[in-house]
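Please keep the viewer open as you read.

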Amino acid sequence: MTFSATDHAAMARALALARRGLESTSPNPRVGCVLLRDGRTVGEGWHQRAGEPHAEIHALQQAGADARGATAYVTLEPCSHFGRTPPCADALIEAGVSRVVAAMEDPNPLVAGRGMARLRAAGIVTEHGLLDTEARELNIGFVSRMTRGRPWLRLKAAATLDGKTALNNGVSQWITGAEARRDGHRWRARACAILTGIGTVREDDPQLTVRDIVCERQPQRILIDARLEVPAAARILQGAPILIATACEEHARMAPLLESGHQIIVLPDTNGKVALPALMRELGRLGFNEIHAEAGLKLNGSLLREGCVDELLLYFAPMLAGDTAQGLFNLPALTRLDDATQLDVTDMRTIGRDLRVIARPRR
């Protein structure tokens with residue numbers, strides 16, 4: 001299918017609008033819409049928050065009567081079902097648009113081509129696939145949840161150039177500079193939830209919140225704590241209630257946490273630890289699209305080893321810490337390089353004095 005330069009420019013603008021909802025649309029996808037009539041933009045909008053009007057509705061309201069005969073460029077196929085809001089496909093039909101170009105079809109089984117089919121049945125020209133890759137990347141967590149039943153897990157870590165996250169005595173602050181730490185908070189902000197383990201809580205007592213940048217909402221905090229050993233004074237327990245994944249069913253340990261409003265999920269594996277793949281499925285069921293994990297080498301290794309990690313967000317500081325310092329992942333020893341975890345690097349750049357590498361494990 002061939003798209004014009006005008007089509008590309010309009011969809012690029014729709015994607016830019018969709019990115020404005022990067023931190024606020026969960027559990028919904030990030031969507032932007034541009035209405036073009038006679039080469040002129042007559043309306044545009046983006047989905048801002050779940051439960052509020054979708055991108056198409058904002059664009060149609062801005063366009064008014066000028067929407068008739070226009071082309072609608074939408075980063076995701078218009079919905080065809082009643083959720084918290086009426087179907088956008090019906091709104092586009094009623095407004096009289098003549099053509100709808102979607103970057104990608106909606107992976108949600110409730111839509112999955114039905115929105116475009118409804119538009120075609122009404123005599124509207126429909127096309128899709130324009131900037132499809134960019135649209136998928138923008139909603140990679142939503143696509144993951146709809147197609148795999150689990151969120152996209154991005155594991156963030158900061159290390160020295162020789163791959164060390166802390167000295168042997170546990171000192172780790174700060175390995176990277178202020179710019180890299182601020183960038184890390186931007187990645188936190190876009191996630192639905194921030195996940196860590198009890199080891200990190202004991203050693204670093206993190207707040208696990210977004211700071212240093214403006215953030216419309218704080219992501220849900222998730223703690224993996226197999227034996228419910230989290231100290232009552234831990235900073236992660238302060239503020240909004242957290243979600244705790246555990247293998248422990250002792251009422252005496254659960255009661256004070258539940259009374260404080262925290263939610264507990266019991267998912268033991270055969271070794272008395274939290275069943276991580278089952279936890280990912282449960283988080284998908286609960287509507288989480290993107291999970292941002294910041295943990296220690298043990299949980300990092302377990303998440304990677306059990307196939308839960310979809311993306312690595314690694315910051316490397318220009319320093320060396322030596323052999324005795326703590327590493328990034330607790331993984332079993334290998335005897336063949338062929339058995340090493342293979343990665344595809346998708347982005348590499350400097351952030352301040354540090355190097356940021358984004359990579360994905362090969363499946």
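Two strands count as paired if DSSP finds at least two bridges between them. Helices (H or I, at least four residues) and strands (E, at least two) are DSSP runs numbered from the N terminus. The model is predicted, so local features need pLDDT of at least 70 and side-chain atom pairs count only at pLDDT 80 or more, while totals for chains, interfaces and linings use all residues. Residues are numbered from 1 along each chain as its sequence is written, and side-chain values use heavy atoms, with hydrogens and water left out.

**The sheet**

Let us begin with the strands. Nine of them, that is 9 strands, form an open sheet with mixed pairing in the order E11-E10-E9-E8-E12-E6-E13-E16-E15. E11 and strand E15 (343-351) stand at the edges with a single partner strand each, so one side of each has no neighbour in the sheet. Neighbouring strands are turned by 20° against each other on average, direction ignored; axes here are lines fitted to C-alpha atoms, for helices over the stretch in contact, and angles between N-to-C directions run from 0 to 180 degrees.

Strand E10 (residues 243-246) is covered on both faces: Leu243 and Ala245 on one side, and Ile244 and Thr246 on the other, are all buried, where buried means under 20% relative accessible area, exposed over 50%, and partly exposed in between (1.4 Å probe, protein chains only). In a regular strand the side chains alternate between the two faces of the sheet.

E10 runs parallel to strand E9 (residues 220-224), joined to it by 3 bridges, and isoleucine 224 stands opposite alanine 245. E10 also pairs in the parallel sense with strand E11 (residues 263-266) over 4 bridges, where isoleucine 265 is the bridge partner of alanine 245. From E10 the chain crosses through helix H9 (residues 251-259) to E11 in a right-handed β-α-β crossover, meaning that with the strands pointing away from the viewer, the path from the first strand over the helix to the second runs clockwise.

Helix H11 lies across E6, E8, E9, E12 and E16, running at about 115° to E8; contact means heavy atoms within 4.5 Å.

**Salt bridges**

The structure holds 31 salt bridges, each a side-chain nitrogen of Lys or Arg within 4 Å of a carboxyl oxygen of Asp or Glu. Here are three of them.

| Pair | Closest N to O distance |
|---|---|
| Arginine 118 and aspartate 90 | 2.9 Å |

By contrast, arginine 118 is partly exposed at 33% relative accessible area, and aspartate 90 is partly exposed at 29%. Arg190 and Glu290 also belong to a salt-bridge network with Arg30, Glu137, Arg154, Glu311 and Arg360.

**Cysteines**

How many disulfides are there? With a disulfide taken as a pair of cysteine sulfur atoms within 2.5 Å, the count is 0. The sulfur of cysteine 33 is 8.6 Å from its closest cysteine sulfur, in cysteine 88, which is too far for a bond. Cysteine 33 is buried, with a relative accessible area of 0%. For cysteine 215 the closest cysteine sulfur, in cysteine 192, is 12 Å away, again too far for a bond.
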